Amino acid sequence: MTWNEFPWFAATSILLWAAGAACALLSKKSFSAGAAWLTATGLCVFAAFIALFWTVLQRPPLRTMGETRLWYSFFLMLAGLLTYCRWHYRWLLSLSTVLTLVFTLMNILKPEIHDQSLMPALQSGWFVPHVTVYIFAYSVMGCAFLLAIAGWMKRTERYRPAIDRLTCIGMAFLTLGMMSGALWAKEAWGYFWGWDPKETWAAATWSLYLIYLHLRLSGKGRTAVLNALLVAGFLCLQMCWYGVNYLPAAQESMHVYS
Amino acid sequence: MEMKKYITVWSVYFGVALLCQLLLPAFPTAFFAFPVNAAGILLAVVGLWVLRKEKPTSPVTRLLASPSTTSILLALLAASCLCLGLTSRPSPSSWWFFFLLTALFLHLLMVFYAGAFHKRPHRLRFILIHGGLLLALLGGFAGTPDTAEWRLPVGKEWPTRQAYTPQYGKIRLPHSLQLKDFDVTYYANGMPQNFQAHLLLDSTKDITLSVNHPYALSPNDDLYLVDYEHVAEPRFCIVQLVRQPWKYVQSFGIWLLLAGCVLLFAQGLPTGMARKEKKIEKGGQP
């Protein structure tokens, strides 16, 4: 199993997800079991590629940007499916599929170099939990962002319960990722927190989502402010994930591995 | 109304921070080394406790415990991080960050007092998250003046005690280090797969250093392997000595915060938000 086989697995998954999204949109009921099953099958195909790729690489596929996009696509669809099963937003699967398609196409059209090497700094027990927890948080926040945009465009507060729940889960995982990273940083570099560019962007993202949660708790946030926070948080999150690599500050970053 | 009033108060506070940043020389980090930092923390912990007990409705108590203060301080933290993130040379050791982190610490402490010692839903989670954050922040912020790092080039020829600060100042360490052997293996593409240094500590004790596996020289000091001579048989390596006496406070805080986040995921929304959610699902306003 190599990167060359990815388009076949990706195309099968995308077709299944698109069929699931269509089922959800066209179904007369608020929840379509067929849509859920099609999406779940697509997830299984995608997961099979990740598992086989992991086995062949002989290391977790989490090092390069392309590999993290692989996990992001997987978790985004998973978060979308779970949200659909819980709140029955029939359009959500379509949005998740489109966003996943974008990330999958990026991987097909611009794959980073994939090799089996894993530099010594990444050979740690913290590597897999830190990265997967973070990518899962990114995906959940991605879903919250989609709902915020939908609520903004439709001028409704109907999606607020789902957004709150997703942000709460995302925040728990974001903090787990950040704190596991701090413990790992102490082991690897001697400091829990070093204001490295990636850490700084992570702190900015974390603060924005924390403001959202506290405004919701105190009940003082206006809808526009709440949605703006979710959008700003999502943009910061993208900066933290890959945008930071394009800044001059990235030259001094300890988080450059590829 | 309350928000506007508090924005004014915090604007004055951060106006002073900005003036200090612009007019005063660099922040005197060394001045706050132990015992000044410990005395400051003790003063804050006792002072805020007394303030909350004796004057629970005073303007300062209400300002420090207010949810509006949470939003204002977090917004300032986010904005400061964005400024740091966009510049190529971040400098968190500044007057601005001193004022910001002091305000965050005092606010978090007051919120912790308000929430931890009263019956409330998910009290354990509240204590773990806010207490953990408080300790992690405290260990990092107050511990910085007591933190130091030195680097030593350690060779095979003779033992060395000479270490260098990041500003290239020389110091003589109480311990000596000598490189006995250095193992390095490579992937086929030339990337190092693994490397480790076998060292002789004080000419008597054998120790091994590798990436992600520091050696505890003392309860406060740890040795890290940071670099080596990139040739087939390296003759020297670079060892970093980090002194961080507050690491226990910070580490304990981080573990509490991790436990709190597991509970946040397992227990779901904070009670206030869950109530609002039910209201929206019934068709009401948030």
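The crossing of helices α6(B) and α7(B) is left-handed, a label used if the near helix is turned anticlockwise from the far one by less than a right angle, with right-handed for clockwise. By class, the contact of α6(B) with α7(B) has 16 nonpolar, eight polar and two charged residues, where Ala, Val, Leu, Ile, Met, Phe, Trp, Tyr, Cys and Pro count as nonpolar, Asp, Glu, Lys and Arg as charged, and the others, Gly among them, as polar. This is a predicted model, in which local features need pLDDT of at least 70 and side-chain atom pairs count only at pLDDT 80 or more, while totals for chains, interfaces and linings use all residues. Residues are numbered from 1 along each chain as its sequence is written, and chains are lettered from A and ligands numbered from 1 in the order in which they are written.

In that helix pair, α6 of chain B covers residues 123-141 and α7 of chain B covers residues 247-267, and the two pack at an angle of about 150° with their axes 7 Å apart; axes are lines fitted to C-alpha atoms, for helices over the stretch in contact, and angles run from 0 to 180 degrees between N-to-C directions. α6(B) and α7(B) are therefore roughly antiparallel to each other, since this term applies to angles over 145 degrees.

Chain B as a whole has eight helices and eight strands, taken as DSSP runs (H or I, at least four residues, for helices; E, at least two, for strands) numbered from the N terminus. With a radius of gyration of 24 Å, well over the 19 Å that the globule rule gives for 286 residues, chain B is more spread out than a compact globule; the radius is taken over C-alpha atoms, and the rule is 2.2 Å times the number of residues to the power 0.38. Along its principal axes, the C-alpha trace of chain B spans about 75 × 50 × 35 Å. Of its 286 residues, 29% count as buried, that is, with 20 or more other C-beta atoms, placed from the backbone, within 10 Å of their own.

Turning to the interface, 46 residues of chain A are in contact with 49 residues of chain B, contact meaning that C-beta atoms, placed from the backbone, lie within 7 Å. On the chain A side, α6 (160-189) and α7 (197-218) each supply at least two residues, and the largest share, 15 residues, comes from α6(A).

Definitions and conventions: Angles under 35 degrees count as roughly parallel, over 145 as roughly antiparallel, 65 to 115 as roughly perpendicular and the rest as oblique. A residue is buried if 20 or more other C-beta atoms lie within 10 Å of its own, exposed if 12 or fewer, and partly exposed in between; C-beta atoms are placed from the backbone. Two residues are in contact if their C-beta atoms, placed from the backbone, lie within 7 Å.
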